[in-house]
Amino acid sequence: MNRMPRTVPGREEIARDGPWLSEAETHRRLERTWETPPGLWGWLSTVDHKMVGRRYIATAFVFFVLAGILALVMRLQLASPENGLVSADRYNQLFTMHGTTMMFLFAVPVMEAFAIYLVPLMVGTRSIAFPRLNAFSYWVYLFGGIMLWVAFALNIGPDVGWFAYVPLAGPQYAPGKRADFWAQLVTFTEIAALAVSVEIIVTVLKQRAPGMSLNRIPIFVWGQLVTSFMVLFAMPSVMLSSSMLIMDRLVGTHFFNKAEGGDALLWQHMFWFFGHPEVYIIFLPATGFVSSIIPVFARRPIFGYTALVLALFATAILGFGLWVHHMFATNLPHLGNSFYTAASMTIAIPSGIQIFCWIATLWGGSPRFATPLLFTIGFIVVFVLGGLSGIMLASVPLDLQVHDTYFVVAHFHYVLIGGAVFPLLGAVYYWFPKLTGRMLNELAGKVHFWLFFIGFNLTFFPMHLLGLEGMPRRVYTYPPGLGWDTMNLTATVGAVTLFVSLSIFAANVGVSLFRGQRAGSNPWDASTLEWATPSPPASYNFAHIPVVSGHDPLWEEPDGLPVVSGLRVNQREVLLTTAVDAEPDVREPVPQPSIWPLISALTLTGMLIGSIFTPWAVLWGSIPVAVAVTAWFWPKSPPETPEPVID
Amino acid sequence: MRRLSGSGVVVALVLLGGCQGVQSALDPAGDQAGGIAGLFWLFLGVLGAIYLLVLVLLVGALLGLRQRAATERRLTGLLTAWAGGTTIIILGLTAFSYGTDARITRLGDDAELTIEVTAKQFWWQVKYVEPQPSRSFETANEVYLPVGVPVRFILKSQDVIHSFWIPNLHGKTDLIPGRVNETSITARRAGVYRGQCAEFCGFQHAHMALDAVAVPAPEFEAWRESRLKPAPTPTPEDQLRSEGLQVFLTSPCVMCHTIRGTSASSRVGPDLTHVAGRRTIAAGALPYSRGNLGGWIVNPQSIKPGSQMPDIQLEPDQLQALLAYLDSLT
Amino acid sequence: MSSRCHDCVGVALALGLAVAMAALTASCEREERDTKAPPESQISVSSVALSPLQPGEASAPPGGSHRSIEENAFNLAQGKQLYTWFNCSGCHAHGGGDIGPALMDDQWLYGSEIENVYATIVQGRPNGMPSFRNRIPDQQVWQIAAYVRSMSGLTPATASPSRSDEMQNKPAEQSMPRQEPKDTHP
């Protein structure tokens with residue numbers, strides 16, 4: 001690995017990392033090259049994936065809290081029959097905003113956010129692929145979310161459900177602009193998601209550390225890679241259908257108008273073709289969290305690496321063949337429905353394999369019951385119950401009884417909160433030291449966990465029974481005397497408990513940011529590459545790109561990882577390796593901080609919001625966008641890289 | 001963790017005790033619902049057992065039991081067995097699901113009665129369809145079903161997507177504008193059940209219910225005969241009711257409602273020919289009584305804000321006369 | 001402050017400010033769904049004049065303007081629905097007119113202001129327009145009157161109804177170019 005420099009001696013100053021530069025000098029030069037300029041301008045123009053990732057996580061949690069408060073208001077309204085806390089119109093807006101915010105503004109973005117932060121670190125590179133696109137994706141997401149919530153505050157918030165079925169969301173039955181804001185929000189978040197998924201795929205396939213062949217990638221990274229492919233195939237469907245909806249409403253097209261050749265069911269097919277993979281887009285990264293946390297706290301390598309990876313593929317592929325199970329009540333032909341029953345049941349098999357592998361990992365190890373592990377255990381307990389109620393929903397006759405009732409609400413909260421939020425909270429406790437350099441308080445973490453677990457079950461378990469007892473979804477109130485009163489009240493008490501537990505969490509985060517115990521680079525004694533950097537990592541991630549020879553590099557080489565050398569320290573560049581075996585290939589320059597992603601996002605926002613009101617905005621609004629994007633891509637003189645790459 | 005699972009089971013049992021209900025899928029009163037409930041208990045049993053197994057394994061792992069037995073090879077063997085077992089169980093459940101689905105669908109093959117339901121925001125237009133047009137009639141927000149007789153429902157919608165659901169009798173079927181859907185129900189146990197719209201349809205989705213009454217066949221025939229009759233014209237001696245009919249025909253009522261036997265024949269709102277014979281009004285929002293009807297007529301927007309019935313201005317004595325007339329429409 | 005604090009604080013501030021600003025400014029009246037009938041005192045048809053001519057000095061028009069009715073999307077959508085339900089199309093078709101005059105053009109026989117249209121519907125007119133007094137509640141008459149004005153593009157495009165879910169028989173009201181009313185004599 002150590003060779004003499006290839007430049008002609010005396011011809012240029014040594015500017016690449018390696019044994020010819022001292023450690024201190026390497027760090028100093030790398031810091032100068034990679035740091036984001038200080039101050040507001042630097043903050044707005046950064047392309048550092050860690051900064052973008054952190055703000056993505058923070059923003060997603062803000063939306064989580066906002067949507068959670070809406071849910072609390074909904075539960076307070078439903079605590080007693082014929083309650084008058086909120087009107088019917090307001091309640092319809094509440095559940096629409098709750099679902100839309102949770103699904104589009106929290107669940108998918110937070111998983112992407114963790115990917116943006118962690119994937120480059122875990123694969124051993126200095127930057128995410130396409131860092132300016134990364135910054136652009138954050139701004140587009142933020143502006144879309146702000147647009148939606150400002151609309152909600154102005155009484156133009158959507159009130160047609162997060163799924164916006166036509167004809168209710170169509171031009172005749174949803175007067176005004178409310179549904180258009182919903183549809184345009186979808187455009188914003190899908191642009192952001194598509195951008196991030198492209199970056200992740202390229203980072204994972206081309207920027208891995210040498211030696212990290214495909215069978216040595218951490219399962220978390222596999223999960224994000226598979227999810228990114230799912231995003232690429234699923235998101236365009238909803239972008240297209242929401243654009244068709246805006247066109248129907250704004251310019252009078254007839255996509256969903258049966259009388260002129262369209263079909264109301266077309267909406268459902270297109271939406272659920274996205275909507276079902278969407279939940280796996282949320283779930284698979286969470287399985288990545290679990291696969292990262294369990295081995296560390298069981299103190300042994302994960303069992304069943306190959307099975308887990310194959311399970312990810314199987315889930316992703318099968319996930320695209322299930323969508324009609326959301327439409328069993330629409331009286332589609334029985335033969336077709338049967339196919340979707342079979343597919344929906346089959347997807348339990350890879351999930352079951354994953355659960356077995358995780359439990360088997362725990363079985364073979366000696367568990368350390370820290371908060372991240374508690375949340376992972378909570379995940380298993382809650383998610384499996386949700387998955388099993390999902391098997392019930394896969395059966396057409398059973399679904400015909402419980403579809404669109406609180407049984408489904410219970411099911412999807414069990415799989416989404418159990419399957420995504422529990423691992424996410426565990427991931428926050430686990431990676432907080434890496435992101436901030438401080439530990440979260442363990443005692444507060446345990447209190448948070450138990451209150452959250454109890455509150456969650458109190459809120460959502462009774463809903464299984466409520467659905468079976470006849471309570472439909474999306475109702476702003478219900479009559480007394482049907483036996484629903486006690487269960488609803490219990491659910492509300494649970495919701496308040498959840499609120500308390502999340503307040504404790506917020507307090508823990510807030511205080512620990514300033515007063516938490518300082519963390520070293522590897523406080524949990526974990527095995528993946530991100531723990532080889534200081535906490536928080538320097539702007540350049542790794543002073544030297546490591547070489548990897550197994551899935552648990554830090555456990556396999558406890559005395560220090562071998563590294564490659566030869567990347568420039570006076571210019572930003574990353575090492576690209578081959579897709580399958582990760583042999584070093586070429587060096588790729590990385591962009592400097594740039595304000596153009598922000599400006600492009602602002603101009604795009606203007607165009608998209610304008611097009612809610614007039615189709616001319618698409619034409620006139622595209623001009624500023626074109627200007628901004630041209631400035632962004634304006635070619636800069638490439639740094640000279642005469643030498644071939646390294647050793 | 002074990003304590004919590006145990007208490008969870010206890011809580012579940014306590015809550016399950018409330019299985020009876022007029023809108024409960026767990027209290028089947030019809031053949032289709034019965035088949036589905038049976039399937040549900042089977043699924044619950046099998047899946048519940050699997051869940052308990054997973055919990056036991058998890059707890060075992062956490063307690064660090066039998067660590068030495070957990071060799072890589074053994075675990076791989078167990079994984080294969082687990083995957084195989086899961087597949088077999090899934091196949092079995094799928095087969096039972098298909099079987100029940102096929103059986104339930106075939107139940108509707110020999111329907112002897114046809115009811116056409118058209119859903120509107122936010123009420124149900126119900127038409128009993130007979131081959132002889134003079135034997136067909138319309139009503140609203142109620143279905144009467146003869147026990148033991150397969151009934152075919154033809155489901156349409158006039159505006160947005162709704163869903164027709166009477167949990168005690170069958171699963172739900174959506175009513176989609178531009179499509180004609182069908183379902184069938186065979187009531188098995190006489191009783192009064194409640195159905196409710198189960199697809200979000202706007203402001204008052206929460207208050208779009210209907211009464212489903214299953215009665216023995218002779219009673220059903222009697223009901224049908226009574227519903228076929230037009231509204232009786234009040235006799236001249238019955239001054240209050242005559243005045244009420246006049247109020248009906250000279251105020252906004254006549255713009256939206258039909259009363260067969262009078263000149264009111266608008267189809268915008270529910271047919272009121274036998275309104276006093278219904279158990280509820282306003283699509284299940286209020287039990288029928290003269291007082292409730294009066295409150296509904298003058299101020300529906302406080303009871304069901306967003307429904308299509310406007311607030312009606314009437315003088316008090318006009319209202320009393322109108323109520324007297326409507327109350328006679330049994 | 002370190003950059004991590006910048007992230008959390010910056011994000012929270014941006015969102016909070018945006019939402020607070022929006023909430024403090026007037027909430028959007030166009031989107032209000034007000035299903036209750038306004039109190040009677042606000043609506044009085046006797047104060048509506050059919051002719052702009054007045055002897056002596058012109059006095060200010062009475063009462064409040066009813067413009068807010070026709071700038072509300074919900075009212076216009078309800079008006080459109082009622083237009084079909086109460087069979088206005090029986091004489092006026094979908095605005096093109098049949099045995100009744102066209103409603104989507106610039107010819108207004110009895111005045112084009114919303115108060116005039118209200119009066120026409122409530123009082124009836126010679127040559128066949130029925131009087132709907134006591135047959136259609138006031139609130140609904142205002143909604144229908146507002147819809148009639150939208151048929152010739154006189155209401156704001158953001159509030160006017162879009163295409164209906166039926167066979168297309170005319171451009172959507174929001175796409176109608178504004179037909180500036182011309183004075184005509186009956």
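Helices (H or I, at least four residues) and strands (E, at least two residues) are DSSP runs, numbered from the N terminus. Read in this way from the N terminus, the elements of chain C follow the order α-α-α-α-β-α-α-β, which amounts to six helices and two strands.

This is a predicted model, in which local features need pLDDT of at least 70 and side-chain atom pairs count only at pLDDT 80 or more, while totals for chains, interfaces and linings use all residues. Residues are numbered from 1 along each chain as its sequence is written, chains are lettered from A and ligands numbered from 1 in the order in which they are written, and side-chain values use heavy atoms, with hydrogens and water left out.

The model scores ipTM 0.93 and pTM 0.93. For chain C the mean pLDDT (the predictor's confidence in each residue, from 0 to 100) is 82, and 72% of its residues reach 70 or more.

**Chain C as a whole**

Of the 186 residues in chain C, 44% count as buried, where buried means under 20% relative accessible area, exposed over 50%, and partly exposed in between (1.4 Å probe, protein chains only). Chain C exposes about 9500 Å², of which carbon and sulfur atoms supply 57%; accessible areas come from the Shrake-Rupley method with a 1.4 Å probe, and for residues only the protein chains shown count as cover. Among the contacts (heavy atoms within 4.5 Å) of chain C with a separation of 6 or more, 65% are between residues 24 or more positions apart.

**B:Ser163**

B:Ser163 lies in strand 6 of chain B, which spans residues 162-164, and B:Ser163 counts as buried because its relative accessibility is 0%. Its side chain makes a polar contact of 2.8 Å with the side chain of B:Asp174; such a contact is a pair of N or O atoms within 3.5 Å, and within protein one must be able to donate a hydrogen and the other to accept it, with residues adjacent in sequence counting only if both atoms are side-chain atoms. Leaving aside neighbours within four places in sequence, the residues in contact with B:Ser163 include B:Trp124, B:Lys172, B:Gln196 and B:Cys197.

**Cysteines**

A disulfide is a covalent bond between the sulfur atoms of two cysteines. With the criterion of a pair of cysteine sulfur atoms within 2.5 Å, the count over all chains is zero.
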